[in-house]
Amino acid sequence: MTALVVGAARSGVALALHLAAQGEEVRLADRKPLNELQSTIAQLPSGVDVRAGGYDERVLDGVDVVYASPGVPWDSDLLNQARARGIPVSSEIDLFLRLCKGTVVGITGTNGKTTTTALTGAVLEAGKRPVIVGGNIGDTVLDRVTEITPEHWVVLELSSFQLESVERPRLQVGVILNITPDHLDRHGTLDRYVELKARAIEDADYALLNSSDPVVSGLSKRARGEVVWFDKHQPLPPMPLPGRHNMENALAAAEVGRLAGLSDDAINEAIRGFKGVEHRLELVGEWAGVRWYNDSKATNPDAGRVALSAFPGAPVILIAGGYGGGFDLREWVADVLANTEAVILIGASAGELAEALRAHHNVIRAETLDEAVSMAAGMARQGSVVLLSPAYKSFDMFKDFEDRGNRFKELVRQRFAA
């Protein structure tokens, strides 16, 4: 059996390692040149055939199955060529779900997935069963599949890219938090995006849905299992993180905890002790009465709106902008006008955003994130909040949103924590 893995990022490496350990011949293809893949190659067994610097249909010769990484479009030429040859096309998450023996909770939505996944894991850890958390949250799970028993809870953050690669997810609990337009450059239409999100609940034993989100509530008829409206969970959990959206995230996690048989006291204690997720309204620190927050994971305007509503009454200095376009900015602009004292714009979208925010009394441009931090420090006063919540992706200036968030934290700490 020869397997082709397309894409040499985290998911692709996990696939290559797992398949090689199972005795399969593995070919790993990536568009990056060989010199940029040296750290990846160092992780792989010597028998893996690495094809770097691009590929064409010949990379499929002699291949029995193709596994695509989440970053590879599901309708890409190479995958369609594989299908035309009759070669099955799969993915890391598809393979994991076929092999996993545990009870799987799959969490999706446009915003809040990462926080809710981590929080759900923390709630379930208050019980007696072992818990594994992974998926799109950053940790691959295929490399741990052999240690998972029927006693395990497995909590997965599932992106639309991952759900696209699994025709029928094998979930015991499916959670959809919210749905607003995102990734339409890849999926084409909102209907297609919604269709992919719906896969999380279609075959689940329990479908946990948000009745306050009209798109999500409309999916209830697609559920074959029991529908549970998580936003109606009582009692309200004591969520320590700011923002109404985080209360919704806590309600979803609490409902999973109740399905797991945990008491309200145990659920509330777990939520009360939750420290949050890196790059999602993450408190970097407070100096001279000014709080600095890293919300780099806000990679679309709807995610940016969530952060803007989290600090009622505080003078907010917003750092925003980045890669991408085609968004409907009207609601984001309204929230920026209502909730910020000043806006510092960075990145490729800065010009577009400056025009959209022309009614704002204090909008300035910065060439770099370093310059933006310096400007924010100069404007902030006691009681201010400086918020990096870009509302755009990071690829114009950074490797990814994590790189952007880490750079922001480094700049802030260099300035104040010395």
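Good morning. Please bear in mind that the model is predicted. The protein contains 16 helices and 17 strands. Its radius of gyration is 22 Å, close to the 22 Å that the globule rule gives for 418 residues, so the protein is as compact as a globular protein of that length. The C-alpha trace spans about 65 × 50 × 45 Å along the principal axes.

Turning to the interior, buried residues account for 54% of the 418 residues. Of the contacts with a separation of 6 or more, 65% are between residues 24 or more positions apart.

As for the surface, the protein exposes about 17700 Å², and carbon and sulfur atoms supply 47% of that area. There are 43 positive and 55 negative charges, and their mean positions lie 1 Å apart.

I now come to the backbone. Q234 and P235 are joined by a cis peptide bond, with omega about 0 degrees. P235 sits in the loop between strand 11 (226–229) and helix 10 (244–259).

Two further residues have a positive phi although neither is a glycine: L281, at about 45 degrees, and A391, at about 65 degrees. L281 belongs to the loop between helix 11 (264–272) and strand 12 (282–287). A391 lies in the loop between strand 17 (385–388) and helix 16 (401–416).

Thank you for your attention.

How values were computed:
Residues numbered from 1 in each chain as written. Predicted model: local features only at pLDDT ≥ 70, side-chain atom pairs only at ≥ 80, totals over all residues. Heavy atoms only, no water. Helix = DSSP H or I, 4+ residues; strand = E, 2+ residues; numbered from the N terminus. Rg over C-alpha atoms; globule rule 2.2 N^0.38 Å. Buried < 20%, exposed > 50% of the residue type's maximum accessible area, 1.4 Å probe, protein only. Contact = heavy atoms within 4.5 Å. Areas by Shrake-Rupley, 256 points an atom, 1.4 Å probe, with all protein chains shown as cover. Lys, Arg positive; Asp, Glu negative; His and termini not counted. Charge placed at Lys NZ, Arg CZ, Asp CG, Glu CD.
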